[in-house]
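Here's a quick briefing to read with the model open.

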Amino acid sequence: MKKVTIVGAGLVGSLQAVYMAKRGWQVEVFERRPDLRKAEIDAGRSINLVVARHGWKSLEEAGIADEIRKLTIPVYGRMIHDEKGDTNFQPYSVKGKAIHSVSRSGLNAKLMDCAEQYQNVKFHFSERCSDVDLNNATAIFENSETGKQTNISADLIIGADGAYSEVRHRMMMTDRFNYSQQYIEHGYKEIHFPPNDDGTPKMQQDALHIWPRKNYMLMGLSNLDGGFTGTLFFPFESDGWSFGSIKTENDVTRFFEEVFPDAIPLIPNFAEQYFANPTSSLVIVRCYPWTYKNVMLIGDAAHAIVPFYGEGMNCGFEDCFVFDQLMDEFDEDLNRVLPEYGKSRKPNGDAIADLSMRNFIEMRDLVADPQFVLRKKIEAKIYAQYPEKWIPLYSQVKFTDIPYSEALKEGQRQDEIMKKILRKDGIMENWDSEDVEREILEMI
Ligand SMILES: Cc1cc2nc3c(=O)[nH]c(=O)nc-3n(C[C@H](O)[C@H](O)[C@H](O)COP(=O)(O)OP(=O)(O)OC[C@H]3O[C@@H](n4cnc5c(N)ncnc54)[C@H](O)[C@@H]3O)c2cc1C
């Protein structure tokens with residue numbers, strides 16, 4: 001039986017364990033943390049996540065989508081909260097499509113359970129990978145409780161150990177390995193919105209709530225318990241409000257009163273949470289090649305991106321799916337599968353990194369901009385009438401499995417067309433006219 005060592009039992013490592021188990025490999029997964037299903041630990045950086053089409057396709061192929069779907073809440077659009085406290089719902093799709101909110105720890109636990117249903121899978125916890133011998137596909141693990149070191153050899157090592165990957169770190173020491181890491185000027189802080197005392201939600205549950213405020217924004221995504229995970233995306237330093245400028249409870253109260261007044265009744269202890277919860281940074285990691293001999297990177301280890309499209313995990317899940325397809329195509333010949341895997345996924349990892357930064361600007365600045373809202377209306381109309389000719393970029397990314405690299409290119413082409421249309425005199429009044437429609441069709 002062929003042996004695979006997976007480093008990291010996060011979201012992607014656990015799904016990859018399912019895929020490899022189905023192939024009949026002997027799968028050993030080593031995770032540096034204790035088992036999150038047993039220990040009361042923070043299961044990661046964000047309390048909930050969005051699953052969308054690229055992710056669903058990969059879960060379906062692994063045969064576990066129905067199990068996962070039970071843990072999710074559908075989200076049909078954005079609810080924009082303006083400075084006056086007024087709200088405006090913008091559906092994601094004219095076709096009533098939804099993305100799905102899920103608890104990170106609940107999802108991670110379920111993925112591990114799914115993998116463990118296979119006899120040929122074993123998880124090892126509190127085992128930190130401290131080194132990898134790339135030439136011999138041997139990984140060294142250190143047990144954080146006993147201090148014991150173990151050397152594990154396999155036919156394949158999969159580094160699914162996240163944005164600060166140890167496996168990648170070792171690959172960086174090889175010749176011609178390209179690597180870049182960029183911290184953006186914004187970080188984030190989670191702030192929990194509790195449900196009402198009777199467990200009912202305080203806001204509409206099937207919407208992603210956004211308080212866009214140009215240089216920063218607050219977001220709320222629903223949890224199964226009726227509460228919401230709020231995330232404040234905020235610059236570390238700036239001339240206006242920033243993490244750096246808020247030093248006291250008084251500052252944070254003034255900040256909320258000034259910019260998020262309608263959120264205050266929803267989060268009674270916001271000031272306390274602001275100081276109690278950690279501030280986290282956001283990093284973009286690009287590297288290549290993703291494979292070296294019989295060692296490969298997957299998920300955030302290969303492509304860490306900013307979270308503004310909610311696609312990091314979805315993209316990582318798709319890595320698992322594509323790798324599996326290539327294993328079929330090349331009859332598990334790793335000499336052919338591994339280079340092909342890197343070559344086919346890298347452009348998509350890069351594209352979703354670019355798309356994610358672009359969506360940050362869209363979310364924090366544009367959703368409140370009348371020109372942006374008009375563009376969405378025009379696009380929705382064209383999409384409804386000519387779905388084979390025009391799929392809005394957001395729908396391409398979230399509701400289709402069009403490769404991210406193609407979606408990015410198509411999005412740029414759509415931008416050019418819409419720029420011309422939005423410059424037309426009287427477009428605010430005539431956007432629905434036959435003339436405008438004809439002009440767009442000609443440009444397509
Ligand atoms: C605020 C925020 C919101 C997000 N929202 C979304 C979203 O809505 N949708 C979406 O698709 N993505 C989202 N993402 C991205 C998503 O969290 C990541 O893309 C995803 O977690 C990547 O999974 P992974 O398994 O590759 O890495 P990770 O989840 O980081 O898992 C890596 C695992 O490896 C373990 N590990 C690390 N080092 C070692 C070592 N040396 N030895 C052994 N084990 C090790 C870690 O403990 C961890 O369990 C969000 C990210 C953030 C920060």
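On a 1 Å grid over the protein atoms alone, a cavity is a set of points where a 1.4 Å probe fits but cannot get out, a pocket is an open set with protein on both sides within 12 Å along at least five of seven lines, and lining residues have an atom within 4 Å of a point. Heads up: this is a predicted model, where local features need pLDDT of at least 70, side-chain atom pairs count only at pLDDT 80 or more, and totals for chains, interfaces and linings use all residues. Residues are numbered from 1 along each chain as its sequence is written, and side-chain values use heavy atoms, with hydrogens and water left out.

**The cavity**

- With that rule, the count is one cavity of 30 Å³ or more; the largest cavity comes out at about 30 Å³. Volume here is the space filled by probe spheres set on the grid points, which are joined across faces, edges and corners.
- Its lining is made of V285, R286, W290, A302, H303, A304, K346, G349, D350 and A353.
- Strand 17 (279–288), strand 20 (303–304) and helix 9 (334–364) are the elements that give two or more residues to the lining of the largest cavity. Elements are DSSP runs numbered from the N terminus: helices are H or I with at least four residues, strands are E with at least two.
- Helix 9 gives the most to this lining, with four residues.
- By class, the lining of the largest cavity has five nonpolar, two polar and three charged residues. Nonpolar covers Ala, Val, Leu, Ile, Met, Phe, Trp, Tyr, Cys and Pro; charged covers Asp, Glu, Lys and Arg; the others, Gly among them, are polar.

**The second largest pocket**

- The second largest pocket has a volume of about 350 Å³.
- It is lined by 16 residues, and Q90, P91, Y92, K376 and A380 lie nearest its centre.
- Strand 6 (87–91), helix 10 (370–385) and helix 11 (393–399) each put two or more residues into the lining of the second largest pocket, and helix 10 gives the most, with six residues.

**Helix 1 on helix 2**

- Helix 1 (residues 11–22) and helix 2 (residues 53–61) pack at an angle of about 35 degrees, their axes 10 Å apart. Axes are lines fitted to C-alpha atoms, for helices over the stretch in contact, and angles run from 0 to 180 degrees between N-to-C directions.
- L15, Y19 and K22 in helix 1 meet S58, L59 and E61 in helix 2, with contact meaning heavy atoms within 4.5 Å.
- Those contact residues divide into three nonpolar, one polar and two charged.

- Three strands form an open antiparallel sheet in the order 3-7-4; two strands pair if DSSP finds at least two bridges between them.
- Strand 3 (48–51) and strand 4 (73–75) stand at the edges with a single partner strand each, so one side of each has no neighbour in the sheet.
- The twist averages 35 degrees from one strand to the next.
- Strand 3 and strand 7 (residues 99–103) run antiparallel and are joined by four bridges; V51 has H100 in strand 7 as its bridge partner.
- Helix 4 (residues 104–116) packs on the sheet, touching strand 3 and strand 7, and its direction makes about 85 degrees with that of strand 7.
- Elsewhere, strand 10 (residues 138–143) pairs with strand 11 (residues 149–153) in the antiparallel sense over five bridges, and E142 has Q149 in strand 11 as its bridge partner.
- Their hairpin has five residues between the strands, and G147 takes a positive phi near 80 degrees there.
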